[in-house]
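Here is a short briefing on aromatic rings and paired strands. Look over the sequence and the structure before reading the points below.

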Amino acid sequence: MASTYESVLCVKNEVMIYKIPPRPSNRGYRAADWKLDQPDWKGRLRIVAKGNDCEIKLEDKSSGELFAQCPVDAHPGIAVEAVMDSSRYFVIRLVNDNGQNAFIGMGFADRADSFDFNVAIQDHFKWVKQTKQLAEEEKKAQLDPGPKLDLGFKEGQTIKINLGGGVSI
């Protein structure tokens, strides 16, 4: 039942959203191509995990109303992509209820915020990987428990312990 509750992995109160031009090449996006001094939206970012699922939610700072959401299915992956020329900016894939995708630019005023964002997503997927490995190991142990180790005394068996000074028990 652990997957039924929602846990907040990261909250950043200042995030900027930008409309971005189409990707110019296969090399990746560049934040310098965006209008960094004129963000299209400012608000709060929350990274939320529910079981193995992770989602980035962009919300209004004052009302908490949902602006957009980005389901993250793998990291690194297509849902969150770092730009080539800055550690503070990312391109994220928004998905609406109809399944339509849109790519937008997202940036932080501070490098520490961008680091926290990146680490929160990495930690979630590291936890998912470890959980899967533990489940596989438990299945293997149930299928082949191996010989049971019996460390108990047999009937009539005794031991002798020397405590030094010639005293033995």
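**Aromatic rings and strands**

Tyr-18, Trp-34 and Tyr-89 form one aromatic cluster. This is a predicted model, in which local features need pLDDT of at least 70 and side-chain atom pairs count only at pLDDT 80 or more, while totals for chains, interfaces and linings use all residues. Residues are numbered from 1 along each chain as its sequence is written, and side-chain values use heavy atoms, with hydrogens and water left out.

**Aromatic pairs**

- The whole structure holds 7 aromatic pairs (rings of Phe, Tyr and Trp, the last by its six-membered ring, with centres within 6.5 Å; planes under 30 degrees apart are stacked, over 60 edge-to-face, the rest tilted).
- The ring centres of Tyr-18 and Trp-34 are 5.8 Å apart and their planes are at 35°, so this pair is tilted.
- Tyr-18 belongs to strand S1 (residues 6–18) and Trp-34 to the loop between S1 and strand S2 (41–50), so the pair ties together parts 16 residues apart in sequence; strands are DSSP runs of E, at least two residues, numbered from the N terminus.
- Both Tyr-18 and Trp-34 are buried (under 20% relative accessible area, with a 1.4 Å probe and protein chains only).

**Strand pairing**

- S1 and S2 run antiparallel and are joined by 9 bridges; two strands pair if DSSP finds at least two bridges between them.
- S2 also pairs with strand S3 (residues 53–59), in the antiparallel sense, over 7 bridges.
- Val-48 in S2 stands opposite Val-8, and Val-48 also stands opposite Glu-55 in S3.
- In S2, 8 of the 10 residues are buried.

**The turn**

- S2 and S3 form a hairpin with 2 residues between them.
- Gly-51 in the turn has a positive phi of about 70°.

Note on methods. Helix = DSSP H or I, 4+ residues; strand = E, 2+ residues; numbered from the N terminus. Buried < 20%, exposed > 50% of the residue type's maximum accessible area, 1.4 Å probe, protein only.
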